[in-house]
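Please examine the sequence and the model shown below.

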Amino acid sequence: MAICLAHSLFILSLSVLTLVNPTPVYSFDKYFFIFGDGLYDPGNKIFLNPDEYLPSFHSPYGTTFFTGHPTGRYSDGRTVADFIAEKEGFPFLIPALNGSEDFTYGANFASEGATVLDSKKDETSLNLTSQVELFNFVIDLWKLLYNETEVKRRVNMAVYLISIGAQDYFDSVYFIGNHTIIVDKVVAGILDAIKALYAIGARKFVVQNVAQLGGLPFVKQKYGKLNETLAIYAEAHRDELNRTLVELGEEYPDLNYTVFNAYDAIGCLIDAPEDYGFKNGSSACCGNSTYRGEACGALEYEYCVCGNKAEYVFFDGVHNTDAANELLAEWMWNKTKGYVRPYGVHDFFKSSSDNSNLQIQIQMPRTQAARARPFKVYY
């Protein structure tokens, strides 16, 4: 059902965008696509759950940056992808399921609760396979606006960020057996997505591993001693992802990838928050009970919200604050900090902008063209 809904939205957007008029020429030549879960969800969840009350669309979410207009991001402000977009000078990537919007510079397919594996048949979030299928709809949209050579060039130049897997391990916390079975399946699913995108023409991948799950406020509060199981999953995921990406790079020599080591990056913020300008890395800013690990923004439960969100690493039990995401984005953008290897994300975008002097003829409606300049969008 979820993929059918998404398909309908894209068909609607395609039908609208076929009403084209002649067009201007652009020199801004960067493209960015996001695949993942709630850490990067910009508001896709509402399109999958239109009748459900979603706390992320209500205060206290979004109150640091999107004041008075929560957008569905699971933070008090921006995601890491938003900060990367700001650094590179293009708009925040809009929810891919918002089919009436402009996908000139890319799209964000991330959905809270998304998994790599399709074990739950959950229609309230988009698993990784469905997100890749939706990417094909965006390419179909581009094909209405640009010639085949231009579409291939853009797909080839774009940067693809993939951050997913934590929900798979939450769902497998009670699994009895060898945990490497689950890790191998999750990592293999991520590699399958990379291969599928590669087959379409994608070449630049930023792959983020999962955080130290055992240290998340939600995990410590909900799972107790089982947080040790989740800690094992997360560490094994980091190691297996690194190993298999090396093999993938050998198999596809023209594939460029870099790994953002969120496992160690967020681990540092949890263990020594004061070293990075924070005061609390163990509890969330918003939520209830010992670690404020659950119920942030919930209607049916009481919860607390901290006074100074910038002092906290976590906004709710799983997701980071605007302040923490800003720091993580810097660490992802710039390889000198040591958390992203072998390239910083900026290196990928620099290689794209080397071709920015190309004059690109775009068959685009004037209304779309007016929105296609770099600016911040609020929705």
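This is a predicted model: local features need pLDDT of at least 70, side-chain atom pairs count only at pLDDT 80 or more; totals for chains, interfaces and linings use all residues.

Residues are numbered from 1 along each chain as its sequence is written, and side-chain values use heavy atoms, with hydrogens and water left out.

Strands (E, at least two residues) are DSSP runs numbered from the N terminus. In strand S4 (residues 159-163), 5 of 5 residues are buried, that is, under 20% relative accessible area with a 1.4 Å probe and protein chains only. In a regular strand the side chains alternate between the two faces of the sheet. On one side of S4 lie Val-159, Leu-161 and Ser-163, and on the other Tyr-160 and Ile-162. Strands count as paired if DSSP finds at least two bridges between them; the table lists two such pairs.

| Pair | Sense | Bridges | Residues opposite each other |
|---|---|---|---|
| S2 (residues 32-36) and S4 | parallel | 5 bridges | Ile-34 and Leu-161 |

A nonpolar core is a set of buried Ala, Val, Leu, Ile, Met, Phe, Trp, Tyr and Cys residues joined through side-chain atoms within 4.5 Å. The largest has 106 residues, and Phe-33 and Tyr-160 are among those that touch the most other members. Apart from this core lies another of 8 residues, including Tyr-61 and Cys-286.

Definitions and conventions
Buried means under 20% relative accessible area, exposed over 50%, partly exposed in between (1.4 Å probe, protein chains only). Helices (H or I, at least four residues) and strands (E, at least two) are DSSP runs, numbered from the N terminus.
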